[in-house]
Amino acid sequence: MMVTTTTPTKKRLETIGLWVLMAFGAVIMIFPIYWMFVTAVRPKDQIFIPDVNLMPTGWVWQNFADALAHMPFLHWFWNSTVIAVVAVAITVTINLLCGYAFAKFRFAGRDVLFLAVLSALMIPVQVIIVPLFFVVSELGLLNSYWGVILPRAAEAFGIFMVRQFMVSIPDELIEAARLDGASELTIFRKIVLPLSKPIIAVLIIFTFMWRWNDFVMPLVMLTDQEMYTVQLGLNLLKGQYNTEWTDIMSIALLSLVPMLVIFVFFQRQLIQGIAGTGLK
Amino acid sequence: MTQFINRRTILKTGAGLGAGLVTGALGMPALAQEKQLTFAVWGGDSEVAGYRNVIAKFESANPGVKVKLDVMPFAQFYQQVDTRLAGRQAPDLFRVTYQQIGRYASNKAAIDLTQYLEKDFGKGFTPAVWSAVNVKGTPYALPHHTDTFALFYNEELLEKANIAVPSSLDEAWTWAAFIDNAKKLKTQGGSSYPFAMSWQNGAVHRWMFYLYQHGGRLLSEDLTASRITEKAGIETIAWTQSWFTEGLVPPSTSVKSAEKVQNLFANGTIAMMLNGNWQIPFVEQQMKAKWGVTYLPRDVAMADDLGGTCVAVSRDSKTPELAAEFVKFLVNEENMRSFVNTAQLLPVRTSIVDKGIEFSLRPNEMKVFVEQTKTIPEHLVSTVIHPNWGRFNPKMADELDLAFTSGQSAEQTAENIQAHIERLLLRA
Amino acid sequence: MNETATSRFSGWWASFRPRLTPYLFIAPNLVLFSVFIFFPLLYAAFISVHEWSLIDEPFYIGAENYTRLLTDYQFWQAMKNTVIYSVATVPTSLAIGLLLAVGLNRDLYARTFLRSIYFLPVVVSSVATAIIAAWLFNDHYGVINALLKLVGIQPVAWLSTTSWALPSIIITTLWTRVGFCMVVYLAALQSISPTYYEAASIDGATRLQQFRHVTWPLLRPTTFLLLILNVIHSFQVFDLIFVMTGGGPGFSTTMIVQYIYQSAFATSEMGYASAMGIVLFLLILLFTLLQWRVNKRTEEFV
């Protein structure tokens, strides 16, 4: 926090002014989501009335139930959840191992491999989607959860963040444990991981978010509508000829809920975690 | 010099790297011991319902056979089908528009159906659609339905402006009368714009029927040369461009936008819309004012768009004979009749068209569409079924969009389109 | 078995194992990357010297795809738009994110709630964002124009004029990115030790001077991180364009990945699309390497 020498009243005015500004910005930020909500509870035949109404014109909660019944959304929520949870479990584990290796070990080819890993972020997925389809189909994983989980299980951004964070773990702790004869895996489990709680939280949140919102890859790998994720379902709703706005808005809102829950739950660690990613 | 690469060997090497590490697959594998067909389609609720009805009937008539309907979003439909074809995993059957079947046929991605059809099978269909599914006299798909365009209008707004609507094809408005009426609607107010045309989202080929109405052509009679730069071509571009420059259509309804014209019609932003028969259920549900459908405007000729889809059997099908059985069942008279009625589409069997068909929803409006199907020019059909039409379409959209929104001159537009024609539509 | 041999072996193994460890730790990721990223990338490079419509066999044409790129007006337009889009969104979202972070770092009422609101748009999927934005910005029934009318401003033809289409996309992007930058900067600000500020204020520095000489330099690593990530993200914009404008009007919102997609799947030119993809990849890689070099001078990456 910056230290100042201004008078108390001036400071108070400043704080209030700042708060107003922030609140105003927040209103703008939340507006599209507010609009989603208003549309979701609006009676269906009032979506396209010429006079746009900012306030809810009705409270048709039935729309949510209708949307869920119209398409197998609960099933799709389940698919999305399974995929996201398994992906998070795998990605977080291997990212931690990999980031630790890049941060704390010296080995041949380390920098080149790290750059190679980073470069994976730079390939537009549209360019590799067809060969990716071949690979997944040759592995017999088309139309299955693994076909969506595995291709994205290695997340370069996660490795980058873990590495930045772990660089600041004191080498002495690790050396001491080695001298005591502990195996590398034990050192990792008993020393490194407990110190990395914040970054684990960060990884969980971001990885869950990315897998939950994945679109291009699942679209190509999941050919069976029963295997669809929520995002694919939303895209289907967006529609052939005409959009069912109440359905889409209801589902889009509902699909934010898991993300919100996770964010609120891990919020404090999120800030703490990013604080450690070598930003000193 | 052509070099064909054995993709399979490269693939096997690459996949071999990872194959050993992966164990098991969560989820549903698609192999089944009973006979199964997969049928990939896109469609709104009523169309999907129509397909499911036919499937149920087929399954009960053929015990032990299951037909799985894969409903995919239209925007990514061809991406999916093509990717799966590339990976030799395509569905047994897939829906496809007449404009796209040529591409699949000429690449042998859809199989030749001759051996499964009786002699003169094609004679049961209207000539325009049968020629659309044939390449050099060989059928690669079976026509399922067609769609076409007509003029929807807001009754109340037209009454207020004292505009009389043509009651028969012969009385269709001329281009001049159409523009006059549009201007009347504009000065009267009541709606922000007089009309809009539905040609967004990849449907730019619908611009072509205006060209034919004006006596113009995209290609010569024998399809070996471009004719777009002739006077009729340039004038058609200029005329449709004038809709935008004179404020007769909303600027957001150009060919590359994502605007849905029927939304504008339903909420009163436009007084008339040029759109297809499949929009009737939506308009019925969303439109508050009274509305009707009348004939398209015409110039030296009347012409309309070839819409609709056919169904093809893919080369990856392990049971082509069964798949062919299904398609034939799908397009037989009884099933076609009930399908088009459920989905508000137009039949393509001469028997149905001759006997007449009474639609449950808005039968009088549907009659207008049926009549308009008779005005689809044969040459238009032979132009759009070119195997490269799918590649040419987006390029034509680019040029027309520049003319409509960015002031590119009609002459320049015609020349640019000609360059694309020469690159894509004229080579062997 | 010979005693000395076994003990020598276990001695060798004991000293070899630590050397093996890092490779074992990075192995799962490397294997996954190789199978699912690098192999497809190599395949794309392979296809980039062919012509391929996906439904037939690839056809070797040498460097023709690359030479075609040089004279393709639409490609250069797409590159230009993507660069403009990147320049317009990246520094802006960083700047706004930083301002928000500085503001919300202070002890304000309902601070956590406000932070959550700013972060919420980041969490909305690109599909949902595109759908909502397309509707909000719609010329005729969009809410933004309705709001403008309320305050007496003429409605703007957001998505149908070449001058406003790109700004609409930019605004929507800022909505989804500032929250992310804010959260990252917040964390960085909180890890700056107060002693730095105390020392500076004792020396008589004003708040602005403190920011310039203490905060900003200490934030450089964060800025580096956000810069790279946001540039990569902006070069890959696709869903937004696809749903909101289709690349139009004209070519005003045609972006490079969207043009790649169109070439791959709409005009059936997978070889050409792959060539563009490889070029894009190399450009981003070059940019990252340059940033890396610049950054290495100011920050030590162990």
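Let me start with one pair of residues: Leu93 of chain B stands opposite Val313(B), which sits in strand E11(B). Keep in mind that this is a predicted model.

Leu93(B) is also the bridge partner, within E3(B), of Phe39(B). On the E11 side, 5 bridges join E3(B) to E11, residues 309-313 of chain B, and the two run antiparallel.

Is E3(B) buried on one face or on both? Both faces are covered: Leu93(B), Arg95(B) and Thr97(B) are buried on one side, and Phe94(B) and Val96(B) on the other. In a regular strand, side chains alternate between the two faces of the sheet. For E3, residues 93-97 of chain B, 5 of the 5 residues are buried, so the strand is largely enclosed by the rest of the structure.

Next, another sheet in chain B. This one is open, with 4 strands in the order E8-E9-E7-E10 and mixed pairing. Its edge strands, each pairing on one side only, are E8 (193-197) and E10 (291-294). From one strand to the next, the twist averages 20°. Strand E7, residues 149-154 of chain B, runs antiparallel to E10(B) and is joined to it by 4 bridges. There, Tyr153(B) stands opposite Gly292(B).

Last, chains C and A. Here 76 residues of chain C are in contact with 67 residues of chain A. On the chain C side, helix H1 (residues 3-47) gives the most, with 18 residues. By class, that side has 57 nonpolar, 15 polar and 4 charged residues.

Notes:
Residues are numbered from 1 along each chain as its sequence is written. Chains are lettered from A and ligands numbered from 1 in the order in which they are written. This is a predicted model: local features need pLDDT of at least 70, side-chain atom pairs count only at pLDDT 80 or more; totals for chains, interfaces and linings use all residues. Two strands pair if DSSP finds at least two bridges between them. Axes are lines fitted to C-alpha atoms, for helices over the stretch in contact, and angles run from 0 to 180 degrees between N-to-C directions. Two residues are in contact if their C-beta atoms, placed from the backbone, lie within 7 Å. Ala, Val, Leu, Ile, Met, Phe, Trp, Tyr, Cys and Pro count as nonpolar, Asp, Glu, Lys and Arg as charged, and the others, Gly among them, as polar. A residue is buried if 20 or more other C-beta atoms lie within 10 Å of its own, exposed if 12 or fewer, and partly exposed in between; C-beta atoms are placed from the backbone.
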